[in-house]
Structures are given as C-alpha cells and as structure tokens.
Amino acid sequence: MHFFYLDEAGCTGAQLNNPQQPIFVLGGISVKDVGWTRTVESMRRILADFFEHDLPERFELHSHELVNQQGAFEGFSRENCSQLVFDLLGLLESRKHPVHLVGIDKRKLADAENGQQHPKIDPFIPYQICFNYFINYAEKYTSEKLGRTARSMIIIDEKEIYQETIDELVEYRRFHVPNARQIKQVVEFSYPIDSVRHPMIQFADLVVFLSKKFFEIEGGYKDDWPQAAKDFYATCFSKIASRMPWRGLIEIAGVEERPAKQLLQQASAFPTRRWKRHYNIG
C-alpha cells in the first residue's frame, strides 16, 4: 500500500482574479506503508533539533510561518529558517519520496475558452479540475511506477465545500466510465481530521507552498521581490522537482476528459524552459 498525502495552496474557490493568490497548487508526496513512520520520526527529529529539543506543545508546521519567521518561528533568523526548509526538503532525497504536483495559473484559466463541460466537475474551479486530474495521475502512477499488484490511498486535508463533488467524482470514475478507464488501484480516499496528528500532511503543505511561490515568480507575479527571495524559492523548487517522476502533464484518456485536459494544457503553471540557468542552479 502506498499513501498519497495531498494539500493545496492558493485556493480561492471559483474566484480567478484574486491578485493576492494568482496560482493554485494541489500536490504532495507519496509514501510506502512500511516507510512513513521513519519519515515522520526524521521530520520530528529535525524540528526538535531546530527548537533545541523544546518543541512547542501540539506543534504544527505552517509553511507560511516558517518562511516569514512568524508564529512559532518568530525571533529566529531568516538564515536559520531557510536552513530548516532545506533540511526538511532533504528528506525527500534521503527517504526517496516522490513528489506529485499540478498547478493552475488562474489568470490563464479565466482567459481560456471552452464550451464543453465535464460530467462531474466545474473545470473552471482550480481545486476541482486539479483533483480530477490527480485521480487520473494517482491511478497511472500506481499502475506504471509501482506495479499492477500495488494499491494506493489518497489522503487529503479536508475541503468541506468540495467533499460532495469529490465523492460524486470518485464514484463516477469507479463505476460510470468504460472499464479500461475505471479507477481500480486507488482503493480509498481519506480526510484527516487533525493535521497535527498527520505530519505528512504538514510535509505536503511545505511542498505545495514552496512550489506555489516559485510558480508565482515564474509567472511574473512577484517581479518586485528581491533576487535573494527569488533564488531561495528557485533552490527549493529544484529540490522538489528532482523528486517528480513526471515533469509535465500526463496524458489523460477518455472523451469525457478532453475539455478538462484542454483547459489544463492552457492554464497549467510550470516553470519556464531552462529556468535553472536563470537562477544559476546546476
């Protein structure tokens, strides 16, 4: 069994013209059932070392607080907080966790033209179009990268306003599409109640938050930021991207998926070509 721990960043519902949140990202990491406890232990050890073994009670890692030295990280230097980010991202490599992401540039989605609709989602709501994509993605990844006998579970931070849509979409993809396209290897979906008890969701939050910030930079939304900030997020994303099994959008089969697929192709948020050279990343 493999677990996909997912979180989202930049969710503004159907509002696509929010200048403060121009990018939406859904994603996270996948973990083997026999390995997640070691990753959690390593994550807690890194955090305990950072706080000199005085970890705040019921501590929860909030990425925006970490990078902005707020909340539990108030009073720590930017250099120390940045190093903590790098130390946590180092777990992706040392624990060999794949990263899975899909991002939407909301302005591009708003400008896209598409007269057709998906049977179960509103493809002009970033959360819905990305979650629909991820169901296909997780099924493909489980089948092609893990093997036909592997099974997986998607664990997401609950979004109450979309729960009914998600439930209907999952049932639709299990039973109401041609057999070859039915979801079979993603066997379950779970909604954590308390993210403090699910540190892997906190890890997913870190991955999607950093990716969103970098996509905002690459999309031209943060041109006024200092170069040091841009370089920091570029370095973070280089560590994240190195663990992504597929860099671009995967192919999605099915007539019913064509409108959503076309919208994703028009509106997806990905770095520009040769972006590493721009930030002097080897």
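Alanine 9 has valine 25 in S2 as its bridge partner. This pair belongs to a predicted model, in which 8 bridges join strand S1 (residues 2-9) to strand S2 (residues 23-32). The briefing below covers the sheet, a helix pair and one lysine.

**The sheet**
- S1 and S2 run antiparallel.
- The open sheet comprises 5 strands in the order S3-S2-S1-S4-S5, and its pairing is mixed.
- Strand S3 (99-105) and strand S5 (186-190) each have a single partner strand and stand at the edges, so one side of each is left without a neighbour in the sheet.
- From one strand to the next, the twist averages 20°.
- In general, strands of a sheet pair through backbone hydrogen bonds, in either a parallel or an antiparallel manner.

**Helices H5 and H9**
- Helix H5 (residues 126-146) and helix H9 (residues 258-267) have axes that come within 11 Å and cross at roughly 110°.
- Because angles of 65 to 115 degrees count as roughly perpendicular, H5 is roughly perpendicular to H9.
- On the H5 side, Ile129, Asn132 and Tyr133 meet Ala260, Leu263 and Leu264 of H9.
- By class, this contact of H5 with H9 has 5 nonpolar residues, 1 polar residue and no charged residues.

**Lysine 108**
- Helix H4 (residues 106-111) contains lysine 108.
- Lysine 108 counts as partly exposed because its relative accessibility is 41%, and partly exposed covers values between the buried limit of 20% and the exposed limit of 50%.
- Apart from neighbours within four places in sequence, lysine 108 is in contact with Gln266, Ala267 and Ser268.
- Lysine 108 and phenylalanine 175 are 67 residues apart along the chain, and their C-alpha atoms are separated by 33 Å.

Technical notes
Residues are numbered from 1 along each chain as its sequence is written. This is a predicted model: local features need pLDDT of at least 70, side-chain atom pairs count only at pLDDT 80 or more; totals for chains, interfaces and linings use all residues. Side-chain values use heavy atoms; hydrogens and water are left out. Axes are lines fitted to C-alpha atoms, for helices over the stretch in contact, and angles run from 0 to 180 degrees between N-to-C directions. Helices (H or I, at least four residues) and strands (E, at least two) are DSSP runs, numbered from the N terminus. Angles under 35 degrees count as roughly parallel, over 145 as roughly antiparallel, 65 to 115 as roughly perpendicular and the rest as oblique. Contact means heavy atoms within 4.5 Å. Ala, Val, Leu, Ile, Met, Phe, Trp, Tyr, Cys and Pro count as nonpolar, Asp, Glu, Lys and Arg as charged, and the others, Gly among them, as polar. Two strands pair if DSSP finds at least two bridges between them. Buried means under 20% relative accessible area, exposed over 50%, partly exposed in between (1.4 Å probe, protein chains only).
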